[in-house]
Amino acid sequence: MTQRSALGHTGVLAAVQLLSSTIASVPLHLLARDADGGRERATSDPRYGMLRWEASPETTAFAFRQGQWMSILTSPGAAYAEIEYSRAGYPLRLWRIPPERVRPLRVWIEGGEVRTTRPEGDRSRGEIWYRVSQPTGGSDWLPPWRVLHQMWLSLDGVTPLSPIDIAAEALSTGVANLRYRSSIYENSAAPGAVYQRRENAPPMSREAEDKLLDRWEEMHRRPRQAGRLAIIQEGEYKPVGFSPEQAQLIEGAHFSVLDVCRIYQVPPHLLFHLEKATFSNIEHQNLQWLTLGLRARLVAEAQEYTRKILLPRERGELFLEHQLDELLRGDVATRWQAYRDGIEAGAMTPNQIAQRENLPPISPEQGGDTYRYNTSYGPATDLVRGRSEAA
């Protein structure tokens, strides 16, 4: 089972497109701790633009992350990118490396040379380096701090496991079902109907049979001629329907889509399998997918970016975080109810909401930067104190 053949399965193609585009569309922000202990976007840091807008001069941040996840979700279950550093020693650009050209290996450095075997007397564990094959021949070694390494699953934290390889048998069944159904319509010799002569009718010559067939197709084959009256002499027209075997193929196609949903942890309705979907359970399945399926992938991505993009000394002041509320933008009522709760709890200002909604800011004189709260949430002692002061 290859990457291309697996993507020929419509369920796999839909799942990979859904996951890769959805994850890539969730903004990954670089945040900095401010003087008050809060966090704000570090827009002046060059790495903010690299993560938010342009990974390199050749690709946008969205296209870069989408391509990375397409490799992770297919074969070989991993994605690699070379990190280009500025003269000041900060990550500046991200360049994708085709995963088939990369092999992570545990190595030991001795005398400035990279060795894949432990030197005699060396008790260290070594470190993971990446051997990158070049298109013109030969290979280069890249140290871990120069490679962004993401995986779908791994048993040892280094060697990736591919969903296509692990579930090859289930996916092969679905691909074979699709090919067989295609061959039925393309190459099958089974007729759509049979013209059966009466027992006492004289036999027809081959020339007469050809004329009858040509005349029938001329009268009824085109879409606009469907449903016309047919006059049959000395014979009987018998339509041929689906065989039980063909009906099972259609049922098998539905099970194949459910297999893909299990592999990629995607609710069936997101792959347009709506047999048992209702308005109530779709809402809960979307929430479950976000919290149990998609969030784990986002956490893994943020941690790998933090490990490779932020310097160790910066990790107490800088943070990488996905803006998950972007996934709720389609639900206007839920989004604005969350803003209302944030205002009443004193956790958000009107201008913070305006910034998220791309609206013009409200002046400070009009209370745009003022925190508010619902007085009914205050402690009862405040009410008693207010009455005593009024008296």
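Reader: Among contacts between residues at least 6 apart in sequence, what percentage join residues at least 24 apart?
Author: This is a predicted model, and in it 58% of the contacts between residues at least 6 apart in sequence join residues that are at least 24 apart.

Reader: And how many helices and strands are there?
Author: The protein has 12 helices and 16 strands. It consists of 391 residues, and 32% of them count as buried.

Reader: What about the surface, how much of it belongs to carbon and sulfur atoms?
Author: The accessible surface comes to about 25200 Å², and carbon and sulfur atoms account for 53% of that.

Reader: Let's look for holes. How many cavities of 30 Å³ or more does a search of the whole structure find?
Author: The search finds three of them, and the largest cavity has a volume of about 70 Å³.

Reader: Which helix gives the most to the lining of that largest cavity?
Author: That is α9, which contributes four residues. Helices α2 (10-25), α4 (61-73) and α9 (279-309) each supply at least two residues of this lining. Among the lining residues are Leu-19, Trp-69, Trp-152, Tyr-264 and Arg-297, and by class the lining has eight nonpolar, two polar and one charged residues.

Reader: You mentioned Arg-297 there; is Arg-297 buried or exposed?
Author: Arg-297, which lies in helix α9, counts as buried because its relative accessible area is 17%, and the cut-off for buried is under 20%.

Reader: So which residues is Arg-297 in contact with, leaving aside its neighbours within four places in sequence?
Author: Arg-297 is then in contact with Ile-23, Trp-69, Trp-152 and Gln-265. Ile-23 is 274 residues away from Arg-297 along the chain, yet the C-alpha atoms of the two are separated by 8.2 Å.

Reader: Changing topic to pockets: what volume does the largest pocket have?
Author: The largest pocket has a volume of about 730 Å³. Its lining is made up of 21 residues, and Leu-31, Arg-39, Glu-40, Arg-41 and Arg-356 are the ones nearest its centre.

Reader: Which element gives the largest share of that pocket's lining?
Author: The largest share, four residues, comes from α11. At least two lining residues each come from β1 (28-33), β2 (39-41), β16 (318-322) and α11 (350-356). By class, the lining of this pocket has five nonpolar, eight polar and eight charged residues.

Reader: Then how many of the six residues of β1 are buried?
Author: Five of the six are buried, so to speak a mostly covered strand.

Reader: In which sense do β1 and β16 pair?
Author: They pair in the antiparallel sense, over five bridges, and in β16 the bridge partner of His-29 is Glu-321. Strand β1 also runs antiparallel to β2, to which three bridges join it, and there Ala-32 has Glu-40 as its bridge partner.

Reader: How many residues lie between β1 and β2 in their hairpin?
Author: There are five residues between them, and Gly-37 in the turn has a positive phi of about 90°. Another hairpin is formed by β9 and β10, also with five residues between the strands, and there Gly-137 in the turn has a positive phi of about 110°. Strands β9 (residues 127-133) and β10 (residues 139-142) pair in the antiparallel sense over four bridges, and Val-132 has Asp-140 as its bridge partner in β10.

Methods. Residues are numbered from 1 along each chain as its sequence is written. This is a predicted model: local features need pLDDT of at least 70, side-chain atom pairs count only at pLDDT 80 or more; totals for chains, interfaces and linings use all residues. Side-chain values use heavy atoms; hydrogens and water are left out. On a 1 Å grid over the protein atoms alone, a cavity is a set of points where a 1.4 Å probe fits but cannot get out, and a pocket is an open set with protein on both sides within 12 Å along at least five of seven lines; lining residues have an atom within 4 Å of a point. Grid points are joined across faces, edges and corners, and a volume is the space filled by probe spheres set on the points. Ala, Val, Leu, Ile, Met, Phe, Trp, Tyr, Cys and Pro count as nonpolar, Asp, Glu, Lys and Arg as charged, and the others, Gly among them, as polar. Two strands pair if DSSP finds at least two bridges between them. Buried means under 20% relative accessible area, exposed over 50%, partly exposed in between (1.4 Å probe, protein chains only). Contact means heavy atoms within 4.5 Å. Accessible areas come from the Shrake-Rupley method with a 1.4 Å probe; for residues, only the protein chains shown count as cover.
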